[in-house]
Amino acid sequence: MDLKYSYVYSIFWPRLKRNRLALAGGAVVMALFVISLLAPLISPYDPSAINAWRVLSPPSMQHWFGTDELGRDVLSRVLYGARISLKVGFVAVGIAVMIGTTVGLISGYYSGLVDTVMMRLVDIMLCFPAFFLILAVITFLEPSIWYIMVIIGLTGWMGVARLVRAETLSIREMEYIMAARCIGCSNTRIIFRHILPNAISPVLVAATLGVAGAILTESALSFLGIGVQPPTPSWGNILTSGKDYIEFAWWLSLFPGLAILVTVLAYNLLGEGIRDALDPRVKR
Amino acid sequence: MKTYLLKRILMLFPLMIGITLITFSVIHLAPGEPVEMQMAMNPKVGKEARERLTTFYGLDKPLPEQYFSWVGRLARLDLGRSFSSDSRPVLDKIKERLPVTISLNVVALLLEFGLAIPIGILAATRRDSWLDKGITVFVFVGFAVPTFWLALLLMYFFGVRLGWLPISGLHTLGSDSWGTGRYLWDLAKHLVMPVMVASFGSLAGLSRYMRSAMLNVISQDYITTARAKGLSERVVIYKHALRNALLPLITLLGFSIPGLIGGSVIFETIYAIPGMGQLFYQGVMSRDYPVVMGILVIGAFLTLIGNLIADLCYALADPRIRHGEG
């Protein structure tokens, strides 16, 4: 563990620190965490408080982002929306990473028939347009944020599996694995204790980028009315009203979209930054 | 080449079986009693629809029997009848919508590659210039823009604000009676926004990929050799480097197919285009299971075929495979 610690502090962090874009991304991600935690405190209004006197009013000093068709404060709804996207991003990616890592490790370590079967499964899953598969599954279920998270996770693990498999294949041939085998380590121990920690860094990158992807997918689903259901505010479902009132209220479309754009951009920049910092070939 | 082709085609069968297995398990996804229980709680589905579903999928029979009878019908291209009031065969519905989606996506693909290749070359040949940096910013923003939001913004600016472009459908009402020229012009105007939205999504990724492929090739020894023997930069880049950098792009063509088909749900719904994506969305919203399952299978098969074609193009373009044993 000592070695890991010193790697993070002597190589990884200094390299990441020099990448200003990645740091900016990281700062935005942190800010989003804070916003999600403090949403009830920093929101100027109750996100579901209906105000019939202020229906579709444009941005003003009272309502920075304007109000929606029920007179609700758009800024408050966007702030609360950060909670949903954060939750979806992390749970969906958590599921995808767990499945993908397990499949990749087993596939790469055991090779042979197990490997063939699992990689064909990956090929098959990749044949389905992901958005179709997600929508098809949701047809059979009641729309709920939990289902959405699980389904996005279940349809997004293939990339991680391929990455981890490739890593495992090369790590498997290392001498320290041979050594571990010689002193009688079980396969399980070798996989989880010796291979997994060394195969995890590309997963970190994929996971960071995956959060961005999951947030985009959730917002698209909510926009289509199949994701997070109103009155719970999500960036996607605010945009649904944005579309309905596009001729009268541009602010309903602009602000939630910008929120998605900034969030996804931040995760992508952070992810790319982590990739460069982990990659010994990239010199700065 | 022949063995390669044969291998590739033989590989299709296990994949197709896998696709049907996964689609089948989606039907049986509901925990406990398949479908039945979920639907009992869902007031959107009437008793009649439930019975039809039970008979169509044979839900009262054992699982393997259900699977084989479903695959059997699938092999005969019988996808069942839609649950909607017209109860037409699903295959007919898909058939009339497929050409719209495919032609739209082909136009989008052409635009995408037509723009991404020059952008990538520019960025790679002028590495670290302001142009390259500008393109990188564009690429990152492009990755992060939700396509449906872009669709809304375009709709607002070009449709509502400026009034230049129509915001929904493929034709203006009554355009059937117009002359060919005017009719086509009308169609083209309707297509501008959907095509822009459809191609924008992968444009960023493609240009970035093209840039790194180009950079990769430029650093090779044979490029140095070409320069050393005094060839002009133009010949080096366009004759020697470009051809090799384009090769991996063919594979990407195959990979971008599921994304395009999946993305069609979004822009077809927003712009009210009568394609497969819109049909799928309507099927999802009205719980028209045969339509949903039918399109899911067809979409996956299309992807499979698209990938095969991309692989074959790759094999044809790459002399190492064309002349090799592989």
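Mentor: Two residues are in contact if their C-beta atoms, placed from the backbone, lie within 7 Å. This is a predicted model: local features need pLDDT of at least 70, side-chain atom pairs count only at pLDDT 80 or more, and totals for chains, interfaces and linings use all residues. Residues are numbered from 1 along each chain as its sequence is written, while chains are lettered from A and ligands numbered from 1 in the order in which they are written.

Trainee: What share of the chain A contacts with a separation of 6 or more comes from residues 24 or more positions apart?

Mentor: 70%.

Trainee: How many helices and strands in chain A?

Mentor: Eleven helices, zero strands. Helices (H or I, at least four residues) and strands (E, at least two) are DSSP runs, numbered from the N terminus. The C-alpha trace spans about 75 × 45 × 30 Å along its principal axes.

Trainee: Where is the kink in H2(A)?

Mentor: At A:Ser36, about 50°, shortly before the proline A:Pro40. The bend is the angle between axes fitted to the seven residues ending there and the seven starting there.

Trainee: And how far apart are the end C-alpha atoms of that helix?

Mentor: Only 28 Å, for 23 residues (20–42). A straight helix would reach 33 Å at 1.5 Å a residue, taking 1.5 Å times one less than the number of residues.

Trainee: Switching to the interface. How many residues of chain B are in contact with chain A?

Mentor: 43, against 37 residues of chain A. The chain B side divides into 35 nonpolar (Ala, Val, Leu, Ile, Met, Phe, Trp, Tyr, Cys and Pro), seven polar (the others, Gly among them) and one charged (Asp, Glu, Lys and Arg count).
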